Every structure is written in C-alpha cells, then in structure tokens.
Amino acid sequence: MTDVTRVLIVDDHPMVAEGIQSILESYDDIEVLACLVDGVEAVEQAVTLAPHVILMDLNMPRLSGLSATEMILERLPETRIVILSMHDSPEYISTALSHGAMGYILKDVPTDEIKQAIDAVVRGERYLCTGAEGSLKPKDGETREALTGREQTILLELAQGKSNKEVALTLDISVRTVETHRKNIKRKLGISSTAGLTRYALEHGVLQGTGHEF
C-alpha cells in the first residue's frame with residue numbers, strides 16, 4: 001500500500017482552503033489533517049498533528065506565513081512547507097525560500113500541480129510552479145545582483161522603519177553588521193534612502209503578510 005502523506009492547509013480564505021481540501025481528498029495517498037486560518041494556529045497544530053507537508057498562505061492575520069514557517073521548522077525540521085500565494089514577485093518568492101519553504105506555487109495553478117508540488121517536496125526536492133520559477137529568472141538586460149537571505153531579512157526590518165540598532169537587537173547581530181548589510185542592499189537595489197527601501201519593499205510585496213501595519 002502507498003504511504004499516505006499527511007497535509008495541513010493554512011489559508012485565511014475558507015473557499016480557497018476548502019477547494020484545495022476537496023481536490024487533495026480525491027487522492028488515495030493524501031490525508032488532509034485540517035484547514036486552518038492563521039499562522040498561530042498553524043504553529044500550534046503542526047506540533048500536535050505532525051504533518052508531512054503544510055500548504056501555507058503568506059498573508060494572514062495574527063502571524064504571517066513567513067513567521068509561521070520559521071517557527072514550525074524550528075520545532076519540526078522534517079516538515080515540508082509549500083507556500084501558496086497570489087504574489088509572484090521575485091523578492092517575495094526568494095524571501096519565502098530563504099525562510100525555509102521547500103516549494104512555492106501560485107494560487108492560479110492547475111489543481112493537479114498542487115499534488116505535484118506535494119509529491120516533489122516529500123521526495124526532498126524543491127518545487128516552484130512555472131510562474132514562480134519564471135519570476136526568479138533575470139529579465140533580458142537585467143544585471144542586478146540578488147539579495148542574500150540575510151539581506152532580505154534585514155530589508156524587511158529596515159522597511160518597517162526600524163533603526164540599525166533595533167535591527168541589530170532583533171537579529172542578535174552587531175550594529176556595524178547591520179550598517180554593512182544596509183549599504184550592500186542599497187547598492188544592489190540602486191536605492192539611496194530608507195524611504196526608497198520602504199517603497200521598494202511595498203511595491204515588490206516584501207512587506208505584505210508581515211503582520212505589521214503602516
């Protein structure tokens with residue numbers, strides 16, 4: 001008998017979650033453990049239910065999908081998390097992957113692609129839907145250097161209006177290290193001001209789903 005993959009669905013839109021659940025329940029080798037509506041529930045229930053795979057939305061109340069992903073993987077490092085999102089900006093996708101997600105699929109993908117993503121991450125493979133993979137490829141003539149995972153994290157913090165000292169305390173690094181990363185981020189993005197960083201983060205979907213209001 002085929003091993004059954006236990007799946008947890010986390011999305012604050014009930015129609016989306018229920019639609020995915022009905023699709024997955026048509027497969028004999030998938031067991032949907034629950035449909036949850038926010039990141040806090042995801043962290044709590046993941047520890048209890050021990051799913052193999054979590055389909056995680058990013059923009060949710062109380063706790064974002066990024067934060068929930070990090071917290072779950074700290075507790076359950078073997079769990080595979082696939083981000084299910086409407087956002088296809090390269091910064092959004094690369095940030096999710098740098099937070100530990102094994103897959104990223106857009107909400108408009110064909111239904112059978114959700115199953116493909118689950119199967120791939122269970123095998124230990126990274127899975128990006130065609131739209132997400134295309135977004136990560138540099139455009140013709142584009143030579144901008146990509147941000148590292150650490151730089152993406154610091155960009156999130158800076159774009160929320162935090163000072164270098166506050167970022168250093170949050171990430172447990174030195175102020176000098178933050179200053180160095182800040183300079184590199186500005187150089188790579190071609191941005192000269194903090195306001196520019198915030199605007200960039202907003203325009204590219206980096207700040208969406210962080211749980212902060214502006």
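Modeller: Before we start, rings of Phe, Tyr and Trp (its six-membered ring) count as a pair if their centres lie within 6.5 Å, and this is a predicted model.

Colleague: Is Lys115 buried or exposed?

Modeller: Lys115 counts as buried at 9% relative accessibility, whereas Asp119, at 23%, counts as partly exposed.

Colleague: Which residues are linked in a network of salt bridges?

Modeller: The network links Asp11, Asp57 and Lys107. Lys107 and Asp11 have their closest N and O atoms 2.9 Å apart, and that pair links distant parts of the chain, 96 residues apart. Lys107 also forms a salt bridge with Asp57 at 3.4 Å; Asp57 lies in the loop between β3 and α3 and Lys107 in the loop between β5 and α5, so this pair ties together parts 50 residues apart in sequence.

Colleague: Switching topic, what order do the strands of the open sheet have?

Modeller: The six strands run β2-β1-β3-β4-β5-β6, with parallel pairing. β2 and β6 stand at the edges with a single partner strand each, so one side of each is left without a neighbour in the sheet.

Colleague: What joins β5 to β6?

Modeller: Two bridges do, and Gly103 has Tyr127 in β6 as its bridge partner.

How values were computed: Residues numbered from 1 in each chain as written. Predicted model: local features only at pLDDT ≥ 70, side-chain atom pairs only at ≥ 80, totals over all residues. Heavy atoms only, no water. Pairing = 2+ DSSP bridges. Helix = DSSP H or I, 4+ residues; strand = E, 2+ residues; numbered from the N terminus. Salt bridge = Lys/Arg side-chain N within 4 Å of Asp/Glu carboxyl O. Buried < 20%, exposed > 50% of the residue type's maximum accessible area, 1.4 Å probe, protein only.
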